[in-house]
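Visitor: I would like to learn how to read a structure feature by feature, beginning with a general idea and then turning to the case at hand. Could you take me through one?

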Amino acid sequence: MFAGKNVVYEYDGTFDGFFSCVFESFQNKETPVDIRRFDQPQQTLDPARFIATNASHAARVQKAIPQKIGRGAGLLVRDAFLTFLPQKELHMLRFLQAGFAAGPGILRNLTDDTVCTLQKAQRHLYNESHRFKQFIRFSATEKVLSAVIRPRNQVLPLIAPHFIDRYPLESFLIYDETNGMALVYRPRQAAIIPVDNFVMDQPDETEQMYRQLWREYYDTIAIEERYNPKCRMSHMPKRYWDNMTEFCRPARPGLRGAAR
Amino acid sequence: MDLFEKLKILSDSAKYDVACTSSGVDRKNGKDGIGNAAACGICHTFSADGRCVSLLKVLLTNVCVYDCAYCVNRRSNDLPRAAFTPRELADLTIEFYRRNYIEGLFLSSGVMKNPDYTCEQMIKTLEILRNEYRFFGYIHAKAIPGADEALLQRLGMLADRMSVNIELPSQKSLNRLAPDKSKTSILKPMGFISGRLRENKRELIKYQHAPKFVPAGQSTQMIIGATPDTDYQILNLSSALYQKYRLKRVFFSAYMPVSTNPLLPAADTPPPLLREHRLYQADWLLRFYGFKAEELLDEEHPHFNPLIDPKCNWALNHMELFPIEVQTAPYEMLLRVPGIGVTSAKRIITARKAGTLSYAGLKKIGVVLKRAQYFIIAGGKLADGLHITQDGMLRSLISQQGLDYVSRQLPQQYEQLSLFSDHKIGDMEVRACLQAKM
Ligand code: SF4
């Protein structure tokens, strides 16, 4: 194992940038105390070293992962990078160090601290992505469908294929407010781009009608004798409700199913 | 009548059908339409009663020429009636689908005019969706008993799943409560669908691109608690249905009093939700855990224990098989440990290849030990600090639903157990209570 070194790696926040840090660590046979984006506040007093992104270094690391540790490891690292796990870069580096030393067996070592931490973060990412496949609500104007989400992880890359396959002939936009990104699609063309600010159009009459119809439906299908808010909450935590049509209603008191 | 009112009436009458899953078919979009389907199904919201809402579940009409006693739509019930036109319903489905409210449509109907006419209207709706909108999302269609087989065949080519609800679990109950129906009139379309499914499988082997007949298979539903049928009868009937008709799912629906018919439970009877829950648990054990119906219940013990789930009940009656060593126990046996599910069992199998599993390790990989600890040993040892006090064991094995149920419904029967006082519970009492198959 590499020696710990009193240094913090700073990088540009890209995936290639992270792999350049990994390269640096292996080249110097050292483990930094932290790896962080250069624009993030400093947590320790250790000296920082900026690691410039180097495409060929990154490519070498990226290529070696599936070869030496296996495809699952490549996926785990890719996914972990999208999570909001604190110090994710450091966990990923430790995992790669251990993985290059141990080979593919590392992934079966479910009780290893690093593996366990990363897999847990990965599961959280998957669960959250699934939640957004469920709970995203689009508003339709004549030309586009648009939606706003507030995820913890960066879910856009994971949910993009699903929605592109679902609405191949529509134009749509999903704005991730947390990470300042948007998935933008128009037939046969998709991109995830940084977006600072996005405000939804005011709903037109048709849109309002369908929203109202949906609320009507939502309220009607609940069976009163089975009322079970705890169960509803466990399947659909409150934090998703903000952007869900059935819970955003023009103020009218006393409606069943309304946020309470 | 405007669309709002129609939607209200026709979803209100459909809500007692419990099947709302969109699972069983994985389909990519054809690139020139709208929609796809995910094998695991997607719940788009949960209603205030905690149930998954995946599909727009409505009746085409709640007009019905029949008079089944347990059904809100029966002819003799005084109720506002409505009907969608096929176009209205297809448009509504697409607009809901575009906004990601739903995975697709669950279409059922009362019988207007006659079964054939009803079936034709349903087909029209689905044809607009599939052919005009090129909709690739999920469609579940109820087969209308008594409709011509050629029509059922056409319906099945448009739908992903079909169902015929058996509703009452025995012929006797059917005779009394659904005079217009008989077991054969229900089983006939069910048999037709499973026959077509088998043929279609052969066609698909021969011609890869042969059109698919209900690719997500067929399901059915039974009402629980409207009739005196026991859990044992219901479970046996459902496992027979799985075998004979290759059903994908049997759904259970706790009976909501919707009628004052003296043959049915009184209007203030609460729906037997816990019983419904136990039946689902048992159904799960039959489908995914390798259990057989007769392992769970028998003639002498025809009802599930309300206090604990069926697996736990089974385990307590087979303590001679426990505790098992997690390091070496076969997968099938791990699955039989209360508190260990498919995910946990699989993780144990993977993790133990890499080294010896301790209790800490089990916890780390996400195995919940609260109940499992009484039935396993890890690395040759029982869990640290686990002294099996009857009191503790009882408290951890009884499910929360069981407790709620006991406090609500069974106060006298279980009073002697002093579940809620600190009085020590005797060994014999605990065993008797938990092992009871009632
Ligand atoms: S045929 Fe169906 S809709 Fe008509 S009364 Fe019987 S169960 Fe209800």
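This is a predicted model: local features need pLDDT of at least 70, side-chain atom pairs count only at pLDDT 80 or more; totals for chains, interfaces and linings use all residues.

Visitor: How many residues does helix H8 of chain B have, and what does it reach from its first C-alpha to its last?

Guide: Helix H8 of chain B, residues 273–288, has 16 residues and reaches 22 Å from first to last C-alpha, which is close to the 22 Å expected at 1.5 Å a residue. After H8(B) comes Gly290(B), with a positive phi near 70°.

Visitor: Which residues in H8(B) are buried?

Guide: The general idea is that an α-helix has 3.6 residues a turn, so residues three or four places apart point the same way. In H8(B) the buried residues include Leu274(B), Arg278(B), Ala282(B), Leu285(B) and Leu286(B), and charged side chains such as Arg275(B), Glu276(B) and Asp283(B) are buried as well.

Visitor: What area is buried between chain B and chain A, and how many residues does the contact take from each?

Guide: The area buried between the two chains is about 5100 Å², with carbon and sulfur atoms giving 60% of that area, and the contact takes 58 residues from chain B and 53 residues from chain A. Between the chains the count is 31 residue pairs in polar contact, both residues being at pLDDT 80 or more. On the side of chain B that touches chain A, at least two residues each come from several elements, among them helix H1 (3–12), strand S3 (55–59) and H8. H1(B) gives the most to that side, with 6 residues, and the residues of that side divide into 27 nonpolar, 13 polar and 18 charged.

Visitor: How many salt bridges are there between chain B and chain A?

Guide: The count is 6 salt bridges, and in one salt bridge the side chains of Glu207(A) and Arg99(B) meet at 2.8 Å, N to O.

Visitor: What should I look for in the backbone angles?

Guide: Most residues other than glycine have a negative phi, and most peptide bonds are trans. In chain B, Val214(B) has a positive phi of about 25° although it is not a glycine, and this residue is found in the loop between helix H6 (183–206) and strand S7 (218–224). Arg246(B) has a positive phi near 50°, and its place is in the loop between helix H7 (231–245) and strand S8 (249–254).

Visitor: Are Val214(B) and Arg246(B) buried or exposed?

Guide: Val214(B) is buried, with a relative accessible area of 0%, whereas Arg246(B) counts as exposed at 54% relative accessibility.

Visitor: Which residues does a cis peptide bond join?

Guide: A cis peptide bond joins Phe322(B) and Pro323(B), with omega about -5°, and Pro323(B) is found in the loop between helix H10 (310–316) and strand S9 (324–325) of chain B.

Key: Residues are numbered from 1 along each chain as its sequence is written. Chains are lettered from A and ligands numbered from 1 in the order in which they are written. Side-chain values use heavy atoms; hydrogens and water are left out. Helices (H or I, at least four residues) and strands (E, at least two) are DSSP runs, numbered from the N terminus. The expected span of a helix is 1.5 Å times one less than its number of residues. Buried means under 20% relative accessible area, exposed over 50%, partly exposed in between (1.4 Å probe, protein chains only). Contact means heavy atoms within 4.5 Å. Buried area is the accessible area (1.4 Å probe) that two parts lose on being put together, summed over both. A salt bridge is a side-chain nitrogen of Lys or Arg within 4 Å of a carboxyl oxygen of Asp or Glu. A polar contact is a pair of N or O atoms within 3.5 Å; within protein, one must be able to donate a hydrogen and the other to accept it, and residues adjacent in sequence count only if both atoms are side-chain atoms.
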